[in-house]
Amino acid sequence: MSLLFVAASRRRIISSNSRALPLFLREYTASSSESESNKTKEATSSSFLREMYKAVLPEPPRASAIRGASEKADNIQTSDRTDIAPIADSNSDKKTIYDHPFFQRLRSKGKDVADAMKERWEMSDSPLVHRIQDASDSFFQESEAAQALREIRSRDVGFDMVEFLQRVKSDVPVVIKAYLQGKEDVIKEYCSPEMIERLTGIIKAQKEAGLVPDPTLLDTSEVELVDLKMLDDSPIIVAQFTCQQINCTRDTHGNVVEGGPEEVHRVYYYWALQQEEAGYIGQDGKHHPPRWQLREMLIRGMHHLL
């Protein structure tokens with residue numbers, strides 16, 4: 001509507017001023033106005049069709065953030081040699097002016113003076129020096145979030161946080177449904193050893209009690225970044241999202257023991273995702289960046305919708 005309004009306004013202005021123009025300019029203005037109107041209508045129609053196309057068609061599938069772009073290959077053999085092959089330096093025999101004994105003595109004397117000043121500064125008992133040192137340390141100290149992000153990108157140079165969170169959203173229904181349905185094989189693919197032990201323990205307890213939770217997920221919100229942490233020298237991404245779920249638990253005979261089939265809850269989740277240390281060779285034969293593991297899953301609250 002805004003494009004049509006602008007186009008109409010421009011036509012009114014042109015028509016009101018066209019009487020003061022020469023004849024050839026009036027004809028040019030009229031033809032330009034007509035062609036511009038046609039272009040505006042075409043642009044509006046194409047924009048409307050694009051919006052309908054996006055609204056009707058489902059969102060294209062994204063690669064998993066946890067499992068990576070390809071499955072790990074099983075038949076890859078890596079070398080166990082760790083020795084470094086020496087490489088001759090072609091510039092090692094070249095001499096410069098700084099190799100002269102005079103410059104060597106000057107460099108040595110300057111280093112001694114600098115070391116002495118540094119030692120006096122560090123061993124000083126002056127309160128002013130201590131305050132300056134504390135302020136300098138706090139100013140130049142890297143935050144934990146910055147350290148974690150730097151470590152992530154040192155392991156995965158092409159890491160993009162926005163794309164990563166979008167991929168996590170595609171992993172959410174897979175992991176939560178697997179947990180509710182008791183699919184331990186899927187849990188082992190996505191989770192860390194600590195999380196596997198915890199979730200499989202809960203699944204086992206539910207089976208022994210004869211409880212069958214409803215695995216229906218109606219909707220998943222966008223995944224939002226909460227924090228970046230370092231844990232055991234590994235970067236951790238903490239994210240949050242919500243799911244609309246059916247709150248209904250049945251027994252092995254299908255009888256409802258908690259909630260109901262029409263009871264919808266919005267559940268608020270925290271996920272902590274830990275990056276693996278090294279990349280891997282996929283089944284496609286290509287080298288892929290380190291994968292991620294679900295290290296922690298926490299339900300931080302829920303409320304009744306229907």
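Buried residues, meaning those under 20% relative accessible area with a 1.4 Å probe and only protein chains counted (exposed is over 50%, partly exposed in between), make up 28% of the 306 residues in the protein. The model is a predicted one, in which local features need pLDDT of at least 70 and side-chain atom pairs count only at pLDDT 80 or more, while totals for chains, interfaces and linings use all residues. Residues are numbered from 1 along each chain as its sequence is written, and side-chain values use heavy atoms, with hydrogens and water left out.

Colour by secondary structure to begin: the protein has eight helices and eight strands, taken as DSSP runs (helices H or I of at least four residues, strands E of at least two) and numbered from the N terminus.

Next, select F164 and W292. Their ring centres lie 4.8 Å apart with the planes at 50°, so this pair is tilted; rings of Phe, Tyr and Trp (its six-membered ring) pair if their centres lie within 6.5 Å, and planes under 30 degrees apart count as stacked, over 60 as edge-to-face and the rest as tilted. The two residues come from distant parts of the chain, 128 residues apart, with F164 in helix 6 (residues 161–181) and W292 in strand 8 (residues 292–304), and both F164 and W292 are buried. The whole structure holds five aromatic pairs.

Move on to F241 and Y269, a stacked pair at 5.3 Å centre to centre with 15° between the planes. F241 belongs to strand 4 (residues 234–250) and Y269 to strand 5 (residues 256–275), 28 residues apart. F241 counts as buried at 2% relative accessibility, and Y269 counts as buried at 5%.

Finally, select R300 with Y270: the charged end of R300 sits over the ring of Y270, 5.0 Å from its centre, the criterion being NZ of Lys or CZ of Arg within 6 Å of the ring centre and within 35 degrees of the ring normal. R291 likewise lies over the face of Y280, at 5.4 Å from the ring centre.
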